[in-house]
Amino acid sequence: MGNQGMEDLIPLVNRLQDALSSVGHLCNLHLPQIAVVGGQSAGKSSVLENFVGRDFLPRGSGIVTRRPLILQLLNANTEYGEFLHCKEKKFTDFEKIRNEIETETCRLTGSNKGISPVPISLRIYSPHVLNLTLVDLPGITKVPVGDQPADIEYQIRDMIMQFICKENCLILAVTPANTDLANSDALKLAKDVDPQGLRTIGVITKLDLMDAGTDARQILENRLLPLRRGYIGVVNRSQKDIDGKKDIKAALHEEQKFFLAHPAYRHMAERMGTPYLQKMLNQQLTNHIRDTLPAFRSHLHSQLLALNKEAEEYRQHSPDDAAHRTKTLLHSVQHLAVDFEKLIEGSGDKVDTVSLSGGARINRIFHERFPYELIKMEPDEKKLRQEINYAIRNINGIRTSLFTPDMAFETIVKKQIIKLKAPCIKLIDMVTEELITTLYQCISKLSSFPKLQDETEKLVTTEIQHQESKCREQVLLLIDIQLAYINTKHVDFIGFANAQHAYNQDNKKNARMAGNQGVGPLSDLIVVRKGWLTISNISIMKGGAKEYWFILTAESLSWFKDDEEKEKKYMMPLDNLKFRDGERGFMSSKFVFALFNTELRNVYKDYRCLELACNSQEELDSWKASLLQAGVYPDKVTVEEPGDEDAEMFSDPQLERQVQTIRNLVDSYMSTIYKTVKDLMPKTVMHLMINSVKEFISCELLAQLYALGDCAALMDESPEQQQHRQEVLRKHAALTEALGVIGKISTSTSTTPVPPPVDSSWIRPARYRHSQTGGKTVARGPAPAVPQALPHTQAPASQSTGGLKQLAIKHKMAPSSVPRRPPPAVPIVK
């Protein structure tokens with residue numbers, strides 16, 4: 001063996017493979033192994049059979065290996081084979097091993113050339129083998145046959161990539177001598193995943209079938225087209241030898257005679273042939289295992305530590321223990337109460353950085369959505385004045401009044417207060433929806449106990465609906481209280497005397513703004529909002545839709561090239577601006593609103609309106625609320641009935657004065673109502689709904705669950721939870737066993753260093769289509785020799801077809817073959 005004291009390393013990895021075979025997909029572990037890669041009929045299967053000294057692999061034309069075959073060779077006194085899918089059965093007849101491989105392949109892939117990435121695991125014990133673990137992969141093909149899909153080439157490449165991209169996998173790139181080595185698919189794939197050549201070993205087959213007068217000496221000496229680990233030449237049996245059942249031992253003897261007799265290879269015959277290849281692979285795999293074992297042990301240990309607590313809980317799990325079920329029920333309800341509290345109050349251990357949730361969404365409803373709904377209830381100016389006009393005239397009747405009738409004021413105010421019921425009810429509906437969403441988020445952790453989850457959902461949802469009903473009644477009661485008595489002595493109410501002198505329209509507008517928003521006028525320096533918006537109505541000829549950084553203040557809306565705010569594109573004053581909802585484009589995922597001027601002027605260059613788009617409904621609502629805060633209100637669409645006349649056209653100056661007085665009084669009084677409602681409604685919802693639901697979950701939920709009667713049935717586990725518990729325990733046991741196996745081996749032994757780097761730029765990775773050298777000859781110096789293995793005692797033999805196209809004579813690279821499309825990307829392996 002190449003490493004004294006390390007003979008048990010490969011069997012060790014095989015025992016690890018057994019220990020982790022049932023949970024390998026759960027552990028995400030990649031054990032050291034050798035992947036055999038090459039084109040169809042490159043001689044991969046013949047090389048493996050030569051290792052074993054037996055015919056046991058399927059034979060035929062076209063694609064024969066249609067599932068990966070994980071082949072574990074173990075040195076033993078007796079000779080037999082075992083499959084992982086039928087461990088109890090030992091195969092001493094190697095013809096039956098071949099039949100079992102064909103049967104198992106057809107079981108998943110069918111009988112008409114289909115492929116599957118699910119591997120077949122075969123272990124062969126023999127006194128004639130060295131310890132090796134190899135993966136025989138399907139040959140790279142170009143043209144689909146039979147039931148194969150049109151993209152069979154890329155499916156096979158994907159499958160190969162899944163194995164060779166792993167850092168723990170050595171790559172045995174097999175290329176026949178009768179093809180252009182510079183176009184070897186195996187070497188191209190290896191170059192993609194191993195650009196430094198640390199894991200790639202080249203094998204040249206069919207040396208006996210090269211054209212007369214040509215040889216592969218310079219390649220096998222690693223001087224013409226060098227690889228870091230070099231090349232090893234082998235001679236396999238020909239198809240005639242295979243059909244004639246030629247003994248492999250005789251073939252190996254002829255292989256040895258071939259290298260000793262050939263003038264180009266006799267000086268390196270001891271470093272050629274199947275026995276040397278087997279010994280060298282054993283040494284390389286052993287060294288590779290030794291190098292990767294510490295990191296592999298650390299990875300196993302970290303996964304075991306992560307599972308310890310959960311596995312300990314599951315080991316103590318007693319499904320039929322009533323006390324354990326009661327304890328679990330108590331803890332589950334307590335955790336639910338804590339999680340619900342944290343989501344509402346915003347003090348969670350895990351903070352969501354992707355979207356708003358729980359209390360943050362309710363806060364946005366209180367302070368953005370609800371004020372926006374109130375503003376939408378604001379009456380249209382023309383319609384309100386018309387209503388006041390009709391009210392005054394209907395109250396006066398046939399008489400002409402000398403004074404402004406206070407009954408008109410009270411009638412209009414009550415009508416405006418009644419309109420507040422709709423946004424208040426909508427506030428309750430939105431909060432109810434968020435509470436139920438938050439509940440679902442919390443009870444998802446009870447999925448291990450489906451009955452408990454269902455009953456908890458029913459009880460808490462019923463409580464939320466009950467509290468919603470109470471809150472709705474209370475909110476409507478508060479509106480009715482406002483309707484019951486119109487307090488004209490309120491400290492913020494301007495009164496009749498002041499209202500008669502309020503004729504200035506600008507003062508009226510400012511007073512109305514301050515009243516509706518409950519705040520004073522904002523300074524131009526105060527930034528209301530910043531954020532990204534897309535101007536979506538710019539024509540393609542002028543650049544098309546583009547995203548800018550917008551800044552909204554109390555006086556203007558500006559946008560910049562980016563959020564560094566250095567290059568200002570435009571500043572738009574907010575005077576006479578309003579906004580309305582925009583139409584979403586076909587197949588567009590954006591949410592649009594439009595700004596326009598009420599005096600029908602252009603708002604931006606030659607555009608009458610500016611359509612702005614954002615990425616979500618939440619962002620759209622937030623921008624609308626910010627525009628309201630800056631004094632930009634939504635457009636009111638009014639439809640005039642046919643024949644409807646403007647009443648003010650027929651009013652006398654006295655009536656006009658009375659209308660204006662009532663208008664100012666309504667504006668002043670409603671500003672007080674708006675401030676009261678905006679302050680009182682969130683408090684009412686918080687007290688009657690949110691706090692009550694929190695108290696129910698923490699104090700009453702457990703009692704109501706017990707009142708259901710059958711508490712034991714509530715704690716019945718779901719099948720998914722039972723499976724998860726079994727998987728965790730199985731994974732923990734496998735990791736413990738694997739660490740125990742690793743602990744029995746000592747890695748303080750000698751190793752062969754990796755050869756120094758060589759210039760492997762002659763291999764054009766499969767991802768590139770064209771040569772980087774423009775077809776020029778690339779000069780290279782001599783590369784290091786192939787790593788030495790211990791002298792072998794057995795001899796080799798062979799099979800193949802052709803010559804390396806006189807590569808050793810031409811000293812030029814053949815042009816690279818151009819694939820029909822780029823091959824699949826290298827998979828990311830965690």
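K166 lies over the face of F163, at 5.2 Å from the ring centre. A charge counts as over a ring if NZ of Lys or CZ of Arg is within 6 Å of the ring centre and within 35 degrees of the ring normal. R580 does likewise: its charged end sits over the ring of F596, 4.6 Å from the centre.

This is a predicted model, where local features need pLDDT of at least 70, side-chain atom pairs count only at pLDDT 80 or more, and totals for chains, interfaces and linings use all residues. Residues are numbered from 1 along each chain as its sequence is written, and side-chain values use heavy atoms, with hydrogens and water left out.

**Aromatic pairs**

- The structure holds 14 aromatic pairs. Rings of Phe, Tyr and Trp (its six-membered ring) pair if their centres lie within 6.5 Å; planes under 30 degrees apart are stacked, over 60 edge-to-face, and the rest tilted.
- F83 and F91 form an edge-to-face pair, 5.3 Å centre to centre with 85 degrees between the planes.
- Both F83 and F91 are buried. Buried means under 20% relative accessible area, exposed over 50%, and partly exposed in between (1.4 Å probe, protein chains only).
- Ring pairs also link F550, W559, Y570, Y604 and Y607 into a cluster.

- W532 lies in strand β10 (residues 527-535) and W549 in strand β11 (residues 546-553). Strands (E, at least two residues) and helices (H or I, at least four) are DSSP runs, numbered from the N terminus.
- The ring centres of W532 and W549 are 5.4 Å apart and the planes are at 75 degrees, so this pair is edge-to-face.
- W532 is partly exposed, at 30% relative accessibility. W549 is buried, at 13%.
- β10 and β11 pair in the antiparallel sense over eight bridges. Strands pair if DSSP finds at least two bridges between them.
- β11 also pairs with strand β12 (residues 556-560), antiparallel over four bridges. β11 and β12 form a hairpin with two residues between them.
- Six of the eight residues of β11 are buried, so this strand is largely enclosed by the rest of the structure.

**Nonpolar cores**

- The largest nonpolar core has 69 residues; F409, I417 and I697 are among those with the most contacts inside it. A core is a set of buried Ala, Val, Leu, Ile, Met, Phe, Trp, Tyr and Cys residues joined through side-chain atoms within 4.5 Å.
- Its largest share, 21 residues, comes from α20.
- A second, separate core of 49 residues includes V52, L132, L170 and I201.
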